[in-house]
Amino acid sequence: MTHCENVLAELAFRCHAMSNDVLYVESPFAYGFDGQLIGGYMIRKHGDQVKITDNADLMFQAMVNGVAPHKATAQKVRRIVERQGLELSPEGEIFAFAKEADIPALMARLFEASIRSVDVLGAAITKDVSKFEKVVSKRLRIVYGRRVRANHQETGASGHQLRFPLAILAQDGCASALIQTISSFDGVPHWASVYNTAGKMLDLKQANADVQRFSVIEPANSESLAQAKKVLSQSTTVLLFSPELELPLLAA
């Protein structure tokens with residue numbers, strides 16, 4: 001079967017030989033639920049046929065982090081997977097069969113399907129954290145009035161449309177600051193939101209470094225806050241919410 005060196009030459013990702021018949025390729029992309037990196041398995045079958053699979057890791061990570069199985073959500077994920085030329089099993093496994101020459105291209109499609117599916121699955125979580133978003137919105141509207149806009153979208157360096165729950169507009173009507181809220185539960189920040197925010201803010205930073213980026217976190221225990229700030233600090237200014245919250249905006 002294809003060796004790790006062949007896959008690495010095409011994808012530039014980490015590759016591990018699990019056995020003579022199984023290779024595991026680790027991408028630099030995270031699921032977003034808990035920071036685990038997205039990966040895929042190559043399993044030798046008959047002749048030169050190889051199975052490409054995520055071993056149902058995407059669905060497992062989603063359920064562990066609070067995404068309840070839902071028919072409508074599963075159908076959305078299935079459409080994403082099938083658009084990449086892959087299949088989704090009833091157990092949640094993303095897979096396809098390929099000849100060795102097609103492995104790098106198909107593995108890239110597996111990663112693309114996983115990344116896009118995370119957005120769909122993550123939406124099932126964000127419904128549970130919208131209450132804090134409303135609290136932050138209320139405070140910002142007191143301070144900045146009509147300059148506050150909800151559900152603002154910007155295009156990231158990746159070409160994807162990035163949604164931000166809140167934005168502060170400049171006089172020309174363009175966003176001068178974008179705000180992402182991160183709820184806490186039982187004294188711990190919502191880690192799916194932390195990792196998703198870090199990736200989203202980095203994507204925005206690479207596309208438009210001029211717009212200010214803020215992450216407003218609901219109060220949590222000091223150790224968890226320190227960990228969250230470490231993850232977020234490379235791409236966004238992290239603020240702890242308080243009833244007196246104001247953003248350190250630059251002069252327009």
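The model is predicted, so to speak of local features a pLDDT of at least 70 is needed, side-chain atom pairs count only at pLDDT 80 or more, and totals for chains, interfaces and linings use all residues. Residues are numbered from 1 along each chain as its sequence is written, and side-chain values use heavy atoms, with hydrogens and water left out.

Let us begin with the open sheet, whose 6 strands follow the order β1-β2-β3-β4-β6-β5 with antiparallel pairing. Strands here are DSSP runs of E with at least two residues, helices are runs of H or I with at least four, and both are numbered from the N terminus; two strands pair if DSSP finds at least two bridges between them. At the edges lie β1 (14-17) and β5 (87-88), each pairing on one side only. The antiparallel strands β1 and β2 are joined by 4 bridges, and H16 has Y24 in β2 as its bridge partner.

Next comes the largest nonpolar core, with 28 residues, where M42, I52 and L86 have the most contacts inside the core. Such a core is a set of buried Ala, Val, Leu, Ile, Met, Phe, Trp, Tyr and Cys residues joined through side-chain atoms within 4.5 Å. Among the elements that give it two or more residues are β3 (37-44), β4 (49-53) and α4 (103-126), and α4 provides the largest share, 8 residues. Take I52: leaving aside neighbours within four places in sequence, its contacts (heavy atoms within 4.5 Å) include Y41, M42, F95 and L110. A second, separate core has 15 residues, including V136, L140, F214 and F241.

Helix α4 also holds S114. Is S114 buried or exposed? S114 counts as buried because its relative accessibility is 0%; the cut-offs are under 20% relative accessible area for buried, over 50% for exposed, and partly exposed in between, with a 1.4 Å probe and protein chains only. Beyond its neighbours within four places in sequence, S114 is in contact with I38, L58 and I94.

Our last stop is strand β9 (residues 175-182), which is mostly covered, with 7 of its 8 residues buried. Strand β8 (residues 161-169) runs antiparallel to β9, joined by 4 bridges, and the two form a hairpin with 5 residues between them, where G173 in the turn has a positive phi of about 90°. With β12 (residues 212-217), β9 runs parallel through 6 bridges.
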